[in-house]
Structures are given as C-alpha cells and as structure tokens.
Amino acid sequence: MQYKTIVLQLLEQQPEIYNQLRKQRQVLPAMEHYANELRTLHLAWKATLNQTAPDSDPCQIASEALEMALKDLEDRLQSGSPQDGLEVLSLDQAMAFIRRHTSRV
C-alpha cells in the first residue's frame with residue numbers, strides 16, 4: 001500500500017492547502033505525517049472491523065478500513081489548515097478516535 005501516494009493525491013485535491021504547503025516548502029513533511037496518520041487509522045479500522053465481523057473476507061475488511069481511514073483524513077484536511085493537528089497519533093489515540101466513531105460501522 002502506497003500511503004504517501006494516496007496522501008499526495010489528497011493534498012493536491014485541496015489546492016489551498018497544497019499551495020500553502022508548497023510555498024512553505026512543507027509538502028514532503030506534511031505528506032509523510034499524513035501518510036503515517038493514514039496508515040495508523042487504516043490499521044486501527046482493520047482491527048475494529050475484524051472484531052465486529054470476524055468471518056468477513058480479509059480483503060474486504062482491508063478495503064472498507066481504508067475507505068474509512070481516507071474519509072477520516074479527508075474530513076480532517078477539509079476542516080482546517082495544514083498546521084492544524086500536525087501531531088502524530090499514537091495507536092492508542094487512533095483507537096480511541098475510532099471507538100468514538102464506531103456507530104458508522
């Protein structure tokens with residue numbers, strides 16, 4: 001899975017954010033940060049979905065988990081500037097975030 005490629009495409013779809021990052025020469029650090037975050041969210045969603053539907057096909061779970069992680073990241077990118085929330089989520093923080101949003105599962 002190429003999280004960096006996915007994140008770069010997401011950033012490019014947000015011209016205001018992307019241009020600001022480019023002007024500040026922060027595209028690469030932001031891309032790496034958000035790729036890490038996307039990976040963490042993806043893994044956490046996979047764990048949650050595995051618990052809620054243990055008999056499901058692992059490929060289907062991985063696909064659904066990635067969709068959910070992408071939606072979370074897109075919402076975050078649209079809700080603020082690139083500097084907002086540049087802290088890295090720990091796995092525990094990501095799991096807590098997911099547990100708050102499990103009603104969507």
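Reader: Which residues in H1 meet which residues in H3?

Author: Good place to begin, and please keep in mind that this is a predicted model. To read a helix contact, list the residues on each side that touch. On the H1 side they are Tyr3, Lys4, Ile6, Val7, Leu8 and Leu11. On the H3 side they are Val27, Met31, Glu32, Tyr34, Ala35, Leu38, Arg39 and His42. Sorted by class, this contact has ten nonpolar, one polar and three charged residues.

Reader: How do the axes of H1 and H3 cross?

Author: For a pair of helices, look at the distance between the axes, the angle and the handedness. The axes of H1 and H3 come within 8 Å, with a crossing of roughly 115 degrees. That crossing is right-handed.

Reader: What does lysine 4 touch, leaving out residues up to four places away in sequence?

Author: Its partners are Met31, Glu32 and Ala35.

Reader: At what angle do H1 and H2 pack?

Author: Helix H2 covers residues 15-23, and H1 packs with H2 at an angle of about 105 degrees, their axes being 6 Å apart. The two helices are therefore roughly perpendicular to each other. In this contact, Leu8, Leu11 and Glu12 of H1 meet Pro15, Ile17, Tyr18 and Leu21 of H2. The class count is six nonpolar, no polar and one charged residues.

Reader: And how do H1 and H4 cross?

Author: H1 spans residues 3-12 and H4 spans residues 58-79; their axes come within 11 Å and cross at roughly 40 degrees. That angle makes H1 oblique to H4. The handedness of this crossing is right-handed. From H1, the residues Tyr3, Ile6, Val7, Leu10 and Leu11 meet Leu66, Leu70, Leu73, Glu74 and Leu77 from H4. By class, that gives nine nonpolar, no polar and one charged residues.

Reader: Stepping back, how many helices and strands are there in the protein?

Author: To see the overall plan, count the elements and read them in order. The protein has five helices and zero strands, giving the pattern α-α-α-α-α along the sequence. Of its 105 residues, 34% are buried. Among contacts with a separation of 6 or more, 72% are between residues 24 or more positions apart.

Reader: Which elements have the lowest and the highest mean pLDDT?

Author: Confidence is worth checking for any model like this. Helix H5 (residues 91-100) has the lowest mean pLDDT, 58, while helix H3 (residues 27-52) has the highest, 94. Residues 81-86 have pLDDT below 50, and that stretch makes 13 contacts in the model beyond near neighbours in sequence. Where pLDDT is low, the predicted coordinates should not be read in detail. For the protein, the mean pLDDT is 82, with 74% of residues at 70 or more.

Definitions and conventions: Residues numbered from 1 in each chain as written. Predicted model: local features only at pLDDT ≥ 70, side-chain atom pairs only at ≥ 80, totals over all residues. Heavy atoms only, no water. Axes fitted to C-alpha atoms, helices over the stretch in contact; angles between N-to-C directions. Helix = DSSP H or I, 4+ residues; strand = E, 2+ residues; numbered from the N terminus. Parallel < 35°, antiparallel > 145°, perpendicular 65-115°, else oblique. Left-handed = near helix turned anticlockwise from the far one by under 90°. Contact = heavy atoms within 4.5 Å. Nonpolar A, V, L, I, M, F, W, Y, C, P; charged D, E, K, R; others polar. pLDDT = per-residue confidence, 0-100. Buried < 20%, exposed > 50% of the residue type's maximum accessible area, 1.4 Å probe, protein only.
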